[in-house]
Amino acid sequence: MAEKKKIKAKAKTKPSSKAGGADEKGLTIRVCLGTGGLAAGSQEVIDTFRSELHARGLGADVEKKCVNKTGCRGFCAKDVLVDVIIDGNLSTYQFVNPEKVGRIVEDHIINGKPVEEWLVGPEYHTFHDKQTKILLKQCGQIDPEDINAYIEIGGYEGAKKAISLTEFEVIEEVKKSGLRGRGGAGFLTGLKWEFCSMSRSETKYIICNADEGDPGAFMDRSVIEGNPHSVIEGMIIGGYAIGAGIGYIYIRAEYPLAIERLKIAIAEATDKGFLGKNIFKSGFDFDIRIKEGAGAFICGEETALIASIEGKRGMPRSKPPFPVNKGLRGKPTVINNVETLANLPTIITKGAKWFSSIGSEQSKGTKVFALTGNIRNTGLIEVPMGISLKEIIYDIGGGMEKKNRELKAVQTGGPSGGCIPASHIDMPVDYESLMRIGSMMGSGGMVVMDNATCMVDMAKFFISFTQNESCGKCVPCRIGTKRMLEILTRITEGNGKEEDIDLLIELGTDIKLSSLCGLGQSAPNPILSTINFFREEYESHIKKGICPAGVCKALRQYVVDTTSCKMCGKCARVCPSGAIIWLPKQKAFIYKSKCIKCGACFDACPFKSIT
Amino acid sequence: MPEKKIKKVKIDGTEVVCERDETILEAAKKAGVEIPTLCHDDRLEPYGGCRLCIVQVKGVGRPLPACTTPVTNNMEVCTENEAITRIRKNLISLLLSNHPNDCMRCEKTGDCALQDLAYKYEVDSSRFKGEQWDLPIREDNPFITYEPNKCILCGRCVRICNEVVMAGTIDLVGRGFNSMPDTAFRKPRSLDNCEFCGQCVSTCPTGALTDRKGRGKGRSYDMTKVRTTCSYCGTGCNFDLNVKKGKVIKVTSAYDTPVNHGNLCIKGRYGYDFIHSADRIKTPLIRRGDSFYEATWDEAIDLIADKFTGLIKKYGNKSVGAFSSSRCTNEENFLIAKFARTVFKNNNVDNCARV
């Protein structure tokens, strides 16, 4: 309760800063304060900016008026990113730290000369140029803790417009837009709403699924941290369309900043009369409650999520009945992902036609991906559906992280997705194409792997994730994934058997066919798709005892290259198992039987003579 | 009242008519087709956990669980084909891969659903070798023995505890391969957290949960089941005394019992020690001076009749009454009331359950 009051107080007492606007002097400084930015030290940067400006006495309160915090703008690899706007001229600095702030203020703000060497390079622009930003457009620009900033850029107009239409018209508009669920399966949002609106019940619910759990994925977190009001507005539109009076945001507790910003946003929206009784004087009542998850990946599955809100163990149940008929507390319930909901305000204000003009034939609009792995420009990107993987990786992503490496595969859809080999790099990224190749859109994780990645090891990583996160309810997922993990482990340790590949295929197929929920039904995807495209790698592990990428420790064989060995003896000194024989002025020799393959000699050799 | 919709369903070629929202499993039962399952119990809500009941529905790509899928009109179901059999075999093999498979010394041999299915589908534990649970047997209470290693996580114990008994003693804890039913904070069962009704034992399809008092005293096939009515209260639950060589080894109850559908409480299931107790009074006792002597029933009834007749003669028929026990059955209570009205010719009838 006390916390609630504090948040309300915070929402009320804040001075209303303008969205991206400058003060009388035309100065605006924007510092990224998303989780990525904060981890890179943006709080210290923003504090230093404020104290520097204050110390230089640039007018009263200039440090409060002109220094704005924003959400994540996507290019996390270059954090902390700072925009300095003077009279409409924008300069962006990268890798800013508190030590650099003084010079930026002195040279740029006071003397009007930007510090050229700290400005972002052309990469920053190519990263952004190929993107089409709808959801993330405002994320790096407005203050997420200020509702006025959102209103100034047209916020809550979508909700206002939706409520002036009939429920039927709103659903029709969303159906026409072709918007599909961004949480993974890609079900048509408008159709889902229609089913729910047809279910007869006085009480209905709309739930925002913000339980983003895929390893390496942070799309939803960034949207909430950067623009929480867009999600709230989306929920108001959805709630109105299906006739729900209460909305829940199910968000993982590991996102404290997102939760705090949501709480502030809800308090602000309630104060403005956008939430609560009789919103926009339409007679429509709508409230939003936050439910924090307790760290279970499975709660991203909609029936498990419902069970969790009800206070039960997060465990999926069989469908039918579908949540649109029998959901939370037995009442018709629509569950939409954060990204889906955040798309809605724009769809309503700009119209279905505009939205459906973006994207491919069957997949409309844009999709946010968390681009990670062995790629140069890691971060958050928003691209139109149907864009090719090549454009994402080479234009936006800037190619491989290490120049001498080649692209090997791309993993989409997180632990439920599959691997797309480099040979298919021209394929368009949309729901159907990804499904056809044995992967899926998923929530938007995109891991890029170079040729130093072992596909067996990678598959092992994902199956160990799903195994750990299995709820244990159904047999194939609980024991089946465990056995698959064990088979992969023995392959990576050099104990694989020839029949293991076929066994993996059979077991994987059966787990997909017989598991209860999406987690189990997709858990074998990383394994099946890597066997499909990289079978020879599995065979090499099993038959030759060689890991082609050199990743699997147990399969490594360390030998001294006698031509380049300089007889320094460093390897013998670091070897923990006494497997290296070395005498002064003699070349080293590794005893295979004693070697524990720890790699210490490999790292220690200054001449790269151990291979 | 919504109109009853009749659905015609074909199960393995046999047509059945369904009038409610039956599941495929229920419809199959009507059609006389047996679908294997481990997590289903008629007393519980459908669960869909073991996945053994998957069947192929015409026109649907993936197999569907029979226990949770409602039938639709003109549905055509195939309950066993090559793919389904392969999946079932693999599922049973997976279960056996984390099971001690010590049927020779297991309490449940001969009455174990997992054993029956392994036999039917001709599978053993050899296909998927891997990590196995090695957890100690839990005998932390007088009634229920828990051998976690034999648990297949069908969830029946958890559901009966929460859906039927509503005691909430156990739930699934942990995640992934290591999830298992247990009490909160894995504390020992005690009267603080458990009713000891043994309902969990009654629904366990394997030897994971067993009645501690009957352990080592005989397998189900050694015992004769004698159906009787519980003598503890007027509800009149039916149960089977499992008798071996004239001794009651344990108490079980079947789903076809009309009053209780196989459900029992702690008294009915575990309160049978008195049957073979040395202290049990087996004949009427008549007081003579300060002590009792063992009498015959004729003697005892004659004595009661004489005393009552004397009292009625001396003080009138209103002076006597009948007070019976809530531990008597409904029928017994009816008889004592009738006795008061026809023999005493009064309405002085009461029962301790009223107090």
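What follows is a chat about a predicted model with chains A and B.

Q: Let's start with chain A. Which domains is it divided into?
A: There are five entries for chain A: domain 1 (17-70 + 82-119), domain 2 (147-356), domain 3 (366-450), domain 4 (455-544) and domain 5 (557-611). Keep in mind that this is a predicted model.

Q: And how many helices and strands does chain A have?
A: Chain A has 25 helices and 16 strands.

Q: How much of chain A is buried?
A: Buried residues are 55% of the 611 in chain A. On the contact side, take pairs in chain A with a separation of 6 or more: residues 24 or more positions apart make up 72% of those contacts.

Q: OK, domains 3 and 4 of chain A. How far apart are their centres?
A: The C-alpha centres of domain 3 of chain A and domain 4 of chain A are separated by 22 Å. Their contact takes 12 residues from domain 3 of chain A and 15 residues from domain 4 of chain A.

Q: Which strands supply the domain 3 side?
A: Strand S12 (407-412) and strand S13 (419-421) of chain A each supply at least two residues to the side of domain 3 that touches domain 4. By class, that side of domain 3 of chain A has 6 nonpolar, 6 polar and no charged residues.

Q: What sheet do S12 and S13 of chain A sit in?
A: They belong to an open sheet of 5 strands in chain A, in the order S11-S10-S14-S12-S13, with mixed pairing. Strand S11 (379-384) and S13 of chain A are the edges, each with a single partner strand, so one side of each has no neighbour in the sheet. From one strand to the next, the twist averages 30°.

Q: In what sense do S12(A) and S13(A) pair?
A: Antiparallel, over 3 bridges between S12(A) and S13(A). If you want a spot to look at, Val410(A) stands opposite Ile420(A) in S13(A).

Q: Switching to a single residue. Where does Ile290(A) lie?
A: Ile290(A) is in strand S8 (residues 284-292) of chain A.

Q: What is Ile290(A) in contact with, leaving aside neighbours within four places in sequence?
A: Ile290(A) is in contact with Ile249(A), Ile251(A), Ile259(A), Leu262(A) and Lys263(A). There's also Cys208(A), 82 residues from Ile290(A) along the chain, with 9.4 Å between the two C-alpha atoms.

Q: On to chain B. How is it divided?
A: Chain B has domain 1 (7-80), domain 2 (101-276) and domain 3 (285-354). The C-alpha centres of domain 1 and domain 3 of chain B are 56 Å apart.

Q: What about helices, strands and overall spread in chain B?
A: Chain B has 8 helices and 16 strands. Its radius of gyration is 26 Å, well over the 20 Å that the globule rule gives for 355 residues, so chain B is more spread out than a compact globule. The C-alpha trace of chain B spans about 85 × 55 × 40 Å along its principal axes.

Q: And burial in chain B?
A: In chain B, 35% of the 355 residues count as buried. Of the chain B contacts between residues at least 6 apart in sequence, 57% join residues at least 24 apart.

Q: How many residues does each chain give to the contact between them?
A: Chain B gives 28 residues and chain A gives 24 residues. On the chain B side, helix H2 (82-97) and strand S7 (170-173) are the elements that give two or more. H2(B) gives the most, with 6 residues. By class, the chain B side has 13 nonpolar, 10 polar and 5 charged residues.

Q: What packs against H2 of chain B?
A: The buried residues of H3(B) do. In helix H3 (residues 113-120) of chain B, those are Ala113(B), Leu114(B), Gln115(B), Leu117(B) and Ala118(B). Just after H3(B), Glu122(B) takes a positive phi of about 50°.

Definitions and conventions. Residues are numbered from 1 along each chain as its sequence is written. Chains are lettered from A and ligands numbered from 1 in the order in which they are written. This is a predicted model: local features need pLDDT of at least 70, side-chain atom pairs count only at pLDDT 80 or more; totals for chains, interfaces and linings use all residues. Domain bounds come from an automatic or database domain assignment. Two residues are in contact if their C-beta atoms, placed from the backbone, lie within 7 Å. Helices (H or I, at least four residues) and strands (E, at least two) are DSSP runs, numbered from the N terminus. Ala, Val, Leu, Ile, Met, Phe, Trp, Tyr, Cys and Pro count as nonpolar, Asp, Glu, Lys and Arg as charged, and the others, Gly among them, as polar. The radius of gyration is taken over C-alpha atoms; the globule rule is 2.2 Å times the number of residues to the power 0.38. A residue is buried if 20 or more other C-beta atoms lie within 10 Å of its own, exposed if 12 or fewer, and partly exposed in between; C-beta atoms are placed from the backbone. Two strands pair if DSSP finds at least two bridges between them. Axes are lines fitted to C-alpha atoms, for helices over the stretch in contact, and angles run from 0 to 180 degrees between N-to-C directions.
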